[in-house]
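Work through the exercises below with the sequence and the coordinates open. Each task is followed by a solution in steps.

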Amino acid sequence: MTQPQLRHLNCLDATGLHRMAYWEWAGPTADAPVLVCVHGLSRQGRDFDALARAMSSHYRVICPDVVGRGQSDWLRQPAGYQVPGYVADMVALLARLDVPQVDWVGTSMGGLIGLGLAALPRPDGVPSPIRRLVLNDVGPAIRFEALQRIGTYLGKAPRFASVAEGAAYLRGISAGFGPHSDEEWLALSTPMFAADGDEWRLHYDPAIALPFAAITPELVAAGEAALWAAYDQLRCPTLLIRGADSDLLTAETARAMTQRGPHARLVELPGVGHAPTLIHDDQVSIVREFLSP
């Protein structure tokens, strides 16, 4: 399958219902195992097109647009743009998919959503909804300086005369993604824009920046303690991919993640920061090898 189908489901929030979009790549059979791929803070589900094409020879691949992004609705209350709400939406998504377990690839925010989902308490004998977990350049400890860097552009609402102009803007703020050809970058960038009259705007609700802007070093420290507690509850095999130049996930945190909780397997990618895009063959192979049954 060369292109995914766009689907929607209703999810509940504090004010009522919102629709979450997801992109579905059909697997080789109707009962193929499911792989869920969830994007980073200001991205969207089409980030995983290259990975999904590669993995759809074995998996049915599901790539949500987290609420407030892509083809999903914008929330009426921006305070809802936080990980617990996203986890609740993913519980609804798994109910829609009607499968006992999924494998999960989460980039940055998408990894935290997967971590939160995999760590949810369950009755004795009930397996985790996540069979295998891939955390792409994220962990329980997140450097506040990296959050400040992201805050310099998150929620801004620039307008562009063309997608190519917008892609050049994104390239300027995305050096951590590593080297990409012009063709690769345009493919990654095109789904990031929505037409607005004669101009193009970024695909996400600028209000996703409001809860983010309220983060303080004290809140980061408190969140870190909670995330480590969740990480230590994980029992599923876990792969940690780290950009060797990442400013968000330190080498020290990555090493600690190999020594506690699920004792993640660590792979570091030279010449890449935050966050690897998982579109190149070597990165796809790392994911495929880990997820192979």
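The model is predicted: local features need pLDDT of at least 70, side-chain atom pairs count only at pLDDT 80 or more, and totals for chains, interfaces and linings use all residues. Residues are numbered from 1 along each chain as its sequence is written, and side-chain values use heavy atoms, with hydrogens and water left out.

**Exercise 1. Check the span of helix α8 (residues 217-233).**

Step 1. Helices are DSSP runs of H or I with at least four residues, strands are runs of E with at least two, and both are numbered from the N terminus.

Step 2. The expected span is 1.5 Å times one less than the number of residues.

Step 3. For the 17 residues of α8 this rule gives 24 Å, and the end C-alpha atoms are 25 Å apart, which agrees.

**Exercise 2. Which residues of α8 are buried, and which are exposed?**

Step 1. Buried means under 20% relative accessible area, exposed over 50%, and partly exposed in between, with a 1.4 Å probe and protein chains only.

Step 2. Val220, Trp228, Ala230 and Tyr231 are the buried residues in α8. Viewed down the axis of α8, the buried residues fall within an arc of 160 degrees, so they line one face of the helix. The arc is that of the directions from the helix axis to the C-beta atoms.

Step 3. Glu218, Leu219 and Ala225 are exposed on the other side of α8.

Step 4. The cover over the buried residues of α8 includes α3 (109-118), β6 (130-136), α4 (144-151) and α9 (251-257).

**Exercise 3. In what order do the three strands of the open sheet lie?**

Step 1. Two strands pair if DSSP finds at least two bridges between them.

Step 2. The order is β7-β9-β8, with antiparallel pairing. β7 (159-160) and β8 (193-196) stand at the edges with a single partner strand each, so one side of each has no neighbour in the sheet.

Step 3. β7 is joined to β9 (residues 199-202) by two bridges. Arg159 is opposite Arg201 in β9.

**Exercise 4. How many salt bridges does the structure hold, and what does the pair Arg7 and Glu24 connect?**

Step 1. A salt bridge is a side-chain nitrogen of Lys or Arg within 4 Å of a carboxyl oxygen of Asp or Glu. The structure holds 13 salt bridges.

Step 2. Arg7 and Glu24 meet at 2.7 Å, N to O. Arg7 belongs to strand β1 (residues 5-13) and Glu24 to strand β2 (residues 16-25), so the pair ties together parts that are 17 residues apart in sequence.

Step 3. Arg7 is partly exposed at 33% relative accessibility, while Glu24 is buried at 11%. Arg7 and Glu24 are linked with Arg60 in a network of salt bridges.

**Exercise 5. Where in the chain do Asp247 and Arg149 lie?**

Step 1. Their side chains form a salt bridge of 2.6 Å, N to O. The pair links distant parts of the chain: Asp247 is in the loop between β10 (238-243) and α9, Arg149 is in helix α4, and they are 98 residues apart.

Step 2. Asp247 is partly exposed at 21%, and Arg149 is partly exposed at 29%.

**Exercise 6. Is Thr253 buried or exposed, and what is Thr253 in contact with?**

Step 1. Thr253 is in helix α9, and its relative accessible area of 9% makes Thr253 buried.

Step 2. Contact means heavy atoms within 4.5 Å. Leaving aside neighbours within four places in sequence, Thr253 is in contact with Ala141 and Trp228.
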